[in-house]
Amino acid sequence: MVLVVFPLITIAFLKPALRPALVQSGHPNANGAEHVVPGQAAMSAFFLVSLITFAFFTEHAWATWDRLRASAATSFEIVVGKTLPRVALGVAQFAVILGGGVVLFDLKISGDAFALAPLVVAFSICLVLLGVAVTALCRTAQQANSFGYLGMVLFGAIGGAFVPFNLLPGWARAVSPVTPTYWAMRGLRSVILDGRGFGAVARPTAVLLAMTALFAVVAVRRMRFDESKTGWV
């Protein structure tokens, strides 16, 4: 519901409002879907952070974490087992929303649609590793859950998922490059709206992978598998 249904409902309401903004920015043939579809996909994908923290903290809530650690799986395998399916979920979510945008909202991808693949994969991995880093830093499920929902709204707004980047206030444009959403939207917009290809997504993809590496370092340095955490109470 959160990853697919809610974004599609939101797209139906926001599409007409975004068309004038795109026309004003130099895209006279735009219908609004070119921004609102990838924007809603990128914003709702941030829910992957909460899904990752939920996957870890439920083990503590159910008192099964120690049992999991006592299994034959290594610490690395436990993390991979909890993160890899969410990466696939993130990629599938993008595919469904973009496909729904084409079928339901007349989304036209002007550039090479295949160029979106490395960008979407990098963005999904980035969000999943951010979720692992948040799990490592937080002691309670409430802390992690608060970051997940606040980050989805805040990063979505600052990163240009709500409205086109040129309409953001100056302070937001100044700080938006520190958010993964900004780089995802930059690549998505280059292909969907500006009609470009793989070259346009190379830099956004590289930055997202660099952020992924940073989140991985934080997770490795801070994650303590014997640390006691508080699940939902």
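The model is predicted, with local features requiring pLDDT of at least 70, side-chain atom pairs counted only at pLDDT 80 or more, and totals for chains, interfaces and linings taken over all residues. Residues are numbered from 1 along each chain as its sequence is written, and side-chain values use heavy atoms, with hydrogens and water left out.

View A. Asp106, although not a glycine, has a positive phi of about 60°. Its relative accessible area of 40% makes Asp106 partly exposed (buried means under 20%, exposed over 50% and partly exposed in between, with a 1.4 Å probe and protein chains only). Ala63, in the loop between α3 (47-61) and α4, also has a positive phi, near 60°. Ala63 is exposed, with a relative accessible area of 62%. Helices are DSSP runs of H or I with at least four residues, numbered from the N terminus.

**View B. Packing of helix α6 on helix α10.** Helix α6 (residues 116-137) and helix α10 (residues 198-222) have their axes 8 Å apart and pack at an angle of about 20°. Axes are lines fitted to C-alpha atoms over the stretch in contact, and angles run from 0 to 180 degrees between N-to-C directions. The helices α6 and α10 are therefore roughly parallel to each other (angles under 35 degrees). The crossing of α6 past α10 is left-handed, the near helix being turned anticlockwise from the far one by less than a right angle. The contact of α6 with α10 comprises 22 nonpolar, 2 polar and 1 charged residues; Ala, Val, Leu, Ile, Met, Phe, Trp, Tyr, Cys and Pro count as nonpolar, Asp, Glu, Lys and Arg as charged, and the others, Gly among them, as polar.

View C. Rings of Phe, Tyr and Trp (its six-membered ring) pair if their centres lie within 6.5 Å, and the count comes to 5 aromatic pairs. The ring centres of Tyr182 and Trp183 are 4.9 Å apart with planes at 85°, so this pair is edge-to-face (planes over 60 degrees apart). Tyr182 and Trp183 are both buried. Ring pairs join Phe165, Tyr182 and Trp183 in a cluster.

**View D. Helix α2.** Helix α2 (residues 33-45) has 13 residues and reaches 18 Å from its first C-alpha to its last, close to the 18 Å expected at 1.5 Å a residue (1.5 Å times one less than the number of residues). Because 13 of the 13 residues of α2 are buried, this helix is largely enclosed by the rest of the structure.

Conventions: Helix = DSSP H or I, 4+ residues; strand = E, 2+ residues; numbered from the N terminus. Parallel < 35°, antiparallel > 145°, perpendicular 65-115°, else oblique. Phe/Tyr/Trp six-rings, centres within 6.5 Å; stacked < 30°, edge-to-face > 60°.
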